[in-house]
Amino acid sequence: MASQKREPTQNEDPLQNRGLSPAEPSALPSATYWQQAPTPGDDPGLRATRYLGLLRELAVQPGWISLDHIADPPGAALDWIGHHIHAVNRQLNAILSDLLACFEASQRPEVQIFAAPIAPQAGVDGFCCDRRPITLMVDPGRIVPADWPGLVAHELAHGVAAASGHGAEFAGAIAHLCLAQDLPMPAPTLSVSDLSHWPPCRRNPQPEQFWLGQTTWHLEP
């Protein structure tokens, strides 16, 4: 788990870096804003570009967020993101809310989650950024939809443990989340290597299809 604060360069659009559109209420948390449907007249490509700009600012490394491996040129992926990213984020946030419900209100961490197209060179399906609020990014295209709860639980465990590795703190956090949400429980003797892939998640052999709108999953209105 890591965090990186990137300041905009002189030639960068500060609205794009923050993931804002001119009509976005500045007081609205970014995660909440990006769970809302686009308004009539929104340009989907511009909306997607601003969303990706926000992800790059929040990510461990900006280069981890990319569409290069999905489509070249990225027009079809940008169009799909612009139209549907709010529904993906809503579904991931519902999973996150269920997981957070297993903590007492006074001990519940402040966490936000975003769906992100993660570049293959990052070598991960998701990551947790140590900031306030704790920020989770997961690539739902990498994992079959039925196993999204396991993917979210894994990254949330990193945030709860405040550790990037898969040692004792992570093991305790993931065991707590798995027990509370009826996910497969890790054995106490599970190795660090095995914990790095826990809970078991089935992989999507063609993750780029998700970001092109070619994967069947439940779209909320």
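This is a predicted model: local features need pLDDT of at least 70, side-chain atom pairs count only at pLDDT 80 or more; totals for chains, interfaces and linings use all residues.
## Buried charges

A residue is called buried when its relative accessible area is under 20%, and exposed when that area is over 50%. Asp139 has a relative accessibility of 1%, so Asp139 counts as buried. Arg142 is buried too, at 8%. Asp125, at 19%, also falls under the cut-off and counts as buried.

How many salt bridges does the model have? The count comes to five. Two of the pairs share Arg142: Asp125 and Arg142 meet with N to O at 3.0 Å, and in the bridge between Asp139 and Arg142 the closest N and O atoms are 3.5 Å apart.

Which residues are linked in a network of salt bridges? They are Asp125, Asp139, Arg142 and Arg203.

Asp125 is in the loop between β1 (111-115) and β2 (126-129), while Arg142 is in the loop between β3 (134-138) and α5 (148-161). The two residues are 17 residues apart, and their pair links distant parts of the chain.

## A bridge between two loops

Another salt bridge joins Arg202 and Asp147, with the closest N and O atoms 2.8 Å apart. Arg202 belongs to the loop between α7 (192-195) and α8 (208-211), and Asp147 to the loop between β3 and α5, so this pair ties together parts that are 55 residues apart in sequence.

Are these two partners buried or exposed? Arg202 has a relative accessible area of 52%, so Arg202 is exposed. Asp147, at 12% relative accessibility, counts as buried.

Technical notes
Residues are numbered from 1 along each chain as its sequence is written. Side-chain values use heavy atoms; hydrogens and water are left out. A salt bridge is a side-chain nitrogen of Lys or Arg within 4 Å of a carboxyl oxygen of Asp or Glu. Helices (H or I, at least four residues) and strands (E, at least two) are DSSP runs, numbered from the N terminus. Buried means under 20% relative accessible area, exposed over 50%, partly exposed in between (1.4 Å probe, protein chains only).
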